[in-house]
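Dear colleague,

I am handing over the structure below, together with some notes on what turned up when I went through it. Please read the notes with the coordinates open beside you.

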Amino acid sequence: MTSDIETRHTEKMKRIKAARDRMMAERTEERGLVIVHTGTGKGKSSSGFGMILRCVAHEMPCAVVQFIKGGRMSGERKLLESHFSDLCTFVVSGEGFTWETQDRARDIAAAEAGWEKAKALILDPKIRFVLLDEINIALRNDYLDIDAVVDFLLHEKPEMTHVCLTGRNAKPELLEIADLATEMTLLKHPFRDGVKAQQGVEF
């Protein structure tokens, strides 16, 4: 009986491998991607920073422009600035969450300054990957013009440069042009049970 199960498993895996090999052989194109991480669940920025660390590991020059956030030093920022500043440019354009600043004009000015810096980094021929952390929040609040952002990504982003945009409530216009879009779904969160944001998990 055991040998029959193992034989069937082996044959199934052979078929799967053959199909995967055929599929991989057909995927030959390389190009810079527009990647969107959105949704109510945790992990949007974490995933973006995971890709930044992959770039660092491959010695690929990269950059982070952090919108909205900025009031607290994160572990990612601390690590990248202290150990990998030669490979990763880190820009903080926000002053904290919008309910903390309580100043729309100042938030708009910060977002616009961050977007100008982001465009320069994306256009830099040395940089291969740019993470626009929480830019979706700036777009949702209309601190930035979604049409201008989409137009830039479609027509000015260098062909081989990857750009990842994170934050809740990604606008439909952005999702439409994305090559890869992932929605993080909230199932459970300790904050609802009275647990505060903790070092190493949230920041």
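In what order do the six strands of the open sheet stand, and is their pairing parallel or antiparallel? Please bear in mind throughout that this is a predicted model. The strands are arranged as β3-β2-β4-β5-β1-β6, and they pair in the parallel sense. The edges are taken by β3 (88-92) and β6 (180-183), each of which has a single partner strand, so one side of each is left without a neighbour in the sheet. On average, and with direction ignored, neighbouring strands are turned by 10 degrees against each other.

Two helices that pack on this sheet deserve a mention. Helix α3 (residues 75-83) touches β2 and β3, and its direction makes about 135 degrees with that of β3. Helix α5 (residues 104-123) touches β2, β3, β4 and β5 (162-166), with a direction that makes about 165 degrees with that of β4.

Strand β2 can be followed residue by residue. Running parallel to β3, β2 is joined to that strand by five bridges, and glutamine 66 stands opposite valine 92 there. Five bridges also link β2 (residues 62-66) with β4 (residues 129-133), again in the parallel sense; cysteine 62 is placed opposite phenylalanine 129, while alanine 63 has valine 130 as its bridge partner. As a general point, side chains in a regular strand alternate between the two faces of the sheet. In β2 both faces are covered, with Cys62, Val64 and Gln66 buried on one side and Ala63 and Val65 buried on the other. Since five of the five residues of β2 are buried, the strand is largely enclosed by the rest of the structure.

The aromatic pairs come to two in number. In one of them, the ring centres of phenylalanine 49 and phenylalanine 90 are 6.1 Å apart and the planes lie at 10 degrees, so the pair is stacked. Phenylalanine 49 belongs to helix α2 (residues 44-57) and phenylalanine 90 to strand β3, so this pair ties together parts that are 41 residues apart in sequence. Phenylalanine 49 counts as buried at 4% relative accessibility, and phenylalanine 90 counts as buried at 12%. Tryptophan 115 and phenylalanine 152 form an edge-to-face pair, with 5.4 Å from centre to centre and 80 degrees between the planes. Because tryptophan 115 lies in helix α5 and phenylalanine 152 in helix α7 (residues 146-155), the pair ties together parts 37 residues apart in sequence. Both tryptophan 115 and phenylalanine 152 are buried.

Lysine 171 lies in the loop between β5 and α8 (172-177), and its relative accessibility of 19% counts as buried because the cut-off is under 20%. The side chain of lysine 171 makes a polar contact of 2.9 Å with that of aspartate 142; beyond its neighbours within four places in sequence, lysine 171 is in contact with Leu139, Arg140, Asp142 and Ile146. Arginine 72, in the loop between β2 and α3, is exposed, with a relative accessible area of 51%. With neighbours within four places in sequence again left aside, arginine 72 is in contact with Ala197 and Phe203. From C-alpha to C-alpha, arginine 72 and phenylalanine 203 are 8.2 Å apart in space, although 131 residues separate them in sequence.

With best regards

Definitions and conventions: Residues are numbered from 1 along each chain as its sequence is written. This is a predicted model: local features need pLDDT of at least 70, side-chain atom pairs count only at pLDDT 80 or more; totals for chains, interfaces and linings use all residues. Side-chain values use heavy atoms; hydrogens and water are left out. Two strands pair if DSSP finds at least two bridges between them. Helices (H or I, at least four residues) and strands (E, at least two) are DSSP runs, numbered from the N terminus. Axes are lines fitted to C-alpha atoms, for helices over the stretch in contact, and angles run from 0 to 180 degrees between N-to-C directions. Contact means heavy atoms within 4.5 Å. Buried means under 20% relative accessible area, exposed over 50%, partly exposed in between (1.4 Å probe, protein chains only). A polar contact is a pair of N or O atoms within 3.5 Å; within protein, one must be able to donate a hydrogen and the other to accept it, and residues adjacent in sequence count only if both atoms are side-chain atoms. Rings of Phe, Tyr and Trp (its six-membered ring) pair if their centres lie within 6.5 Å; planes under 30 degrees apart count as stacked, over 60 as edge-to-face and the rest as tilted.
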